[in-house]
Amino acid sequence: MRRNLELKAPLSDVLAASRVAHGLGASDLGELRQVDTYFSVERGRLKLREIEGGIAELIFYHRPDEGAARWSDFWTSPAPDAGSTKALLTAALGIRGTVKKYRRIFTWIECRIHLDEVEDLGSFLELEVLSTGDEIDDQARMAKLVEAFRVDVTQASYGLLRGFASALTSKG
């Protein structure tokens with residue numbers, strides 16, 4: 001199991017956010033397209049992430065729905081045969097929904113910065129601070145990112161991004 005502190009917020013200007021990431025000295029890992037297929041599970045969330053031109057992975061995580069920055073405990077496993085994995089999990093669990101996105105990824109001091117353009121939902125900034133085991137340090141890195149990107153924390157919550165949850169449910 002790994003742990004991170006994450007925050008997602010609406011993003012009005014992807015190019016400006018890219019400039020902020022570069023200004024922080026973040027490493028630009030490039031752009032990719034990915035499809036996340038969420039499966040119906042009783043607790044937590046289970047998704048198959050397919051990356052165009054890359055190896056898919058299964059991701060299971062626990063994270064509260066409320067609050068701006070939230071702790072998430074997660075597990076990952078490669079899924080080299082995405083088609084078979086998706087067919088098996090669909091038969092066993094059913095699909096809750098699918099999210100398609102174009103993502104630009106930056107890294108900065110054990111943090112991932114995602115600039116996402118999500119099909120049918122809009123643009124989002126996602127910040128993930130990989131836990132070092134020192135919550136004060138983790139929270140300080142998140143605070144630095146929130147300040148740099150000028151995130152309005154009143155808008156940074158899945159609770160306020162109900163469209164994401166609605167779209168996920170309706171696409172299943």
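Guide: Helices (H or I, at least four residues) and strands (E, at least two) are DSSP runs, numbered from the N terminus. The structure is a predicted model, in which local features need pLDDT of at least 70, side-chain atom pairs count only at pLDDT 80 or more, and totals for chains, interfaces and linings use all residues. Residues are numbered from 1 along each chain as its sequence is written, and side-chain values use heavy atoms, with hydrogens and water left out.

Visitor: How wide an arc do the buried residues of H1 cover around the axis?

Guide: Ala-17, Ser-18, Ala-21 and Leu-24 of H1 are buried, that is, under 20% relative accessible area, where exposed is over 50% and partly exposed is in between (1.4 Å probe, protein chains only). These residues share one side of H1, because the arc that they cover around the axis, taken from the directions to the C-beta atoms, is only 120°.

Visitor: Which residues are exposed on the other side of H1?

Guide: The buried residues of H1 are covered by elements including strand S6 (95-108), strand S7 (111-118) and H3. On the other side of H1, the exposed residues are Leu-15, Arg-19 and Gly-23.

Visitor: Which residue of S8 is the bridge partner of Val-118?

Guide: Eight strands form a closed barrel in the order S1-S5-S4-S3-S2-S6-S7-S8, with antiparallel pairing; two strands pair if DSSP finds at least two bridges between them. In S8, Val-118 has as its bridge partner Gly-122.

Visitor: Is Asp-36 buried or exposed, and what is its relative accessible area?

Guide: Asp-36 belongs to strand S2. Apart from neighbours within four places in sequence, Asp-36 is in contact (heavy atoms within 4.5 Å) with Lys-47, Leu-48, Arg-49, Gly-97, Thr-98, Val-99 and Lys-101. Asp-36 is buried, and its relative accessible area is 0%.

Visitor: How far apart in space are Ala-143 and Ala-69, C-alpha to C-alpha?

Guide: Ala-143 is placed in helix H3 (residues 135-149). Ala-143 is classed as partly exposed because its relative accessible area is 43%. In sequence, 74 residues separate Ala-143 from Ala-69, whereas in space the C-alpha to C-alpha distance is 9.6 Å.
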